[in-house]
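Subject: A structure for you to look at

Hi,

Here's the structure I promised to send over. Have a look at it first, then read on for what turned up in it.

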Amino acid sequence: MDEYNENIPKEETVTDEAGEEVVLNGVSEEAVIGEVEGADEPFEEQDEEGDEKEKLRCAVCDKEINFFTKKKVTRGLYICGDCEEKSAVHRYKKEMRKLSPEEALRVVLNKIAKAENFQITKSIDGYFLMDKPKSLWTVPYAATPIKRIPRIDPAMIFSYDAIKSYELIENGNCLAKGGRGLPPIGGLLFGEDGAGFSANSEEKDICEQLQIMINLQNVSVPRVFINLIFKDIEKEKRAYGAAILTAQKILSALENITASGESEAGAFSPADEIKKYKELLDMGAITQEEYEAKKEKLLNM
Ligand SMILES: [Zn+2]
């Protein structure tokens, strides 16, 4: 899932063996001037002679890069690690290498602009990130409870409108489904503490996989997965409970997004909620008792 840590592509490592890292530190003023001249030229692996004036710079931010830190985007286009991470182009190596340096640079710049436009105003346990003022969201491509630093792929930043429906899937079974035009799931499936939840899942006491699938109305990316559990976990373990809680929070955020399209603040109306539950009761989706309990609670708000 996370191929991020292959920092130095093999082909480059080999040529680097002979390279002198000493070059990095000995920056004379002369060398600095020399760099500007050579900045536009495609980088050639220089063998020896210690041509220290030939410094390589990131094509995006102009930061100095070297044999070890440079990231190849395509032939003749190198960027720094920061710009690579921001644009996430390392996830599209094959596609990028088909482009000319000019085309590739344009793509990288667009991606970085998109990334910089996205400001995380809410993070749900690192798995689901939102820019609420702009009505944008994303799912980082590498987030686990251990490694919380979200790695965002700008191509995976979507608007609220893009969400069509979503499903909570455990061991391949759909446990809950929601979305535009569908009845709310939050209050029904989950007890206050998420406790009522596992009762609905299969009798199995091992969870092999727990994921949320978000279906999009987007031709290029039809669906996005949030993988909460991808290794066997006994359901009595605390980690399972934590994953369920995260799932609950994400589903409730998705529900808010698809329910109104507006910010949830102020949009909540107990009367509307009661009406929703009445409809569910009439449909037979909930029992009379469940309906009464909900109504009672909502009336007391
Ligand atoms: Zn850079």
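A quick definition before anything else: strands here are DSSP runs of E at least two residues long, numbered from the N terminus, and two strands count as a pair if DSSP finds at least two bridges between them. Also keep in mind that this is a predicted model.

Strand 5 (residues 122-124) runs antiparallel to strand 6, and three bridges join them.

Now follow the chain onwards. Strand 6 is also joined to strand 7 (residues 136-138) by three bridges, again antiparallel. Met130 turns up here too: its bridge partner in strand 7 is Trp137. This second hairpin has four residues between its strands, and Ser135 in the turn has a positive phi of about 55°.

In what order do the strands of the open sheet lie? The order is 10-9-12-13, and the pairing is antiparallel. Strand 10 (173-179) and strand 13 (223-229) are the edges, each pairing on one side only. From one strand to the next, the twist averages 15°.

Here is how the pairs go, if you want to trace them on screen:

- Strand 9 (residues 163-170) pairs with strand 10 over six bridges, and Ile169 stands opposite Cys174 in strand 10.
- Strand 9 is joined to strand 12 (residues 210-216) by seven bridges; Tyr166 has Ile214 in strand 12 as its bridge partner.
- A hairpin of six residues links strand 12 to strand 13.

In soluble globular proteins, nonpolar side chains tend to be buried together. The largest nonpolar core in this model has 31 residues, and Ile212, Ala247, Ile250 and Leu251 touch the most other members. Which elements give two or more residues to this core? They are strand 6, strand 7, strand 9, strand 10, strand 12, strand 13 and helix 7 (238-260). Helix 7 gives the most, with seven residues.

Leaving out residues up to four places away in sequence, Ile250 touches Ile124, Tyr127, Phe128, Ile212 and Ile226. Apart from this core lies another, of 16 residues, among them Cys58, Ile79, Val108 and Ile112.

**A pair of helices**

Last stop: helix 8 (residues 270-283) and helix 9 (residues 288-299). They pack at an angle of about 175°, and their axes are 10 Å apart. Angles over 145 degrees count as roughly antiparallel, so helix 8 is roughly antiparallel to helix 9.

On the helix 8 side, the residues that meet helix 9 are Pro270, Glu273, Ile274, Tyr277, Lys278 and Leu281. Facing them from helix 9 are Gln288, Tyr291, Lys294, Lys295, Leu298 and Leu299. Sorted by class, this contact has seven nonpolar, one polar and four charged residues.

Cheers

Technical notes:
Residues are numbered from 1 along each chain as its sequence is written. This is a predicted model: local features need pLDDT of at least 70, side-chain atom pairs count only at pLDDT 80 or more; totals for chains, interfaces and linings use all residues. Axes are lines fitted to C-alpha atoms, for helices over the stretch in contact, and angles run from 0 to 180 degrees between N-to-C directions. Angles under 35 degrees count as roughly parallel, over 145 as roughly antiparallel, 65 to 115 as roughly perpendicular and the rest as oblique. Two residues are in contact if their C-beta atoms, placed from the backbone, lie within 7 Å. Ala, Val, Leu, Ile, Met, Phe, Trp, Tyr, Cys and Pro count as nonpolar, Asp, Glu, Lys and Arg as charged, and the others, Gly among them, as polar. A nonpolar core is a set of buried Ala, Val, Leu, Ile, Met, Phe, Trp, Tyr and Cys residues joined through C-beta atoms within 7 Å. A residue is buried if 20 or more other C-beta atoms lie within 10 Å of its own, exposed if 12 or fewer, and partly exposed in between; C-beta atoms are placed from the backbone.
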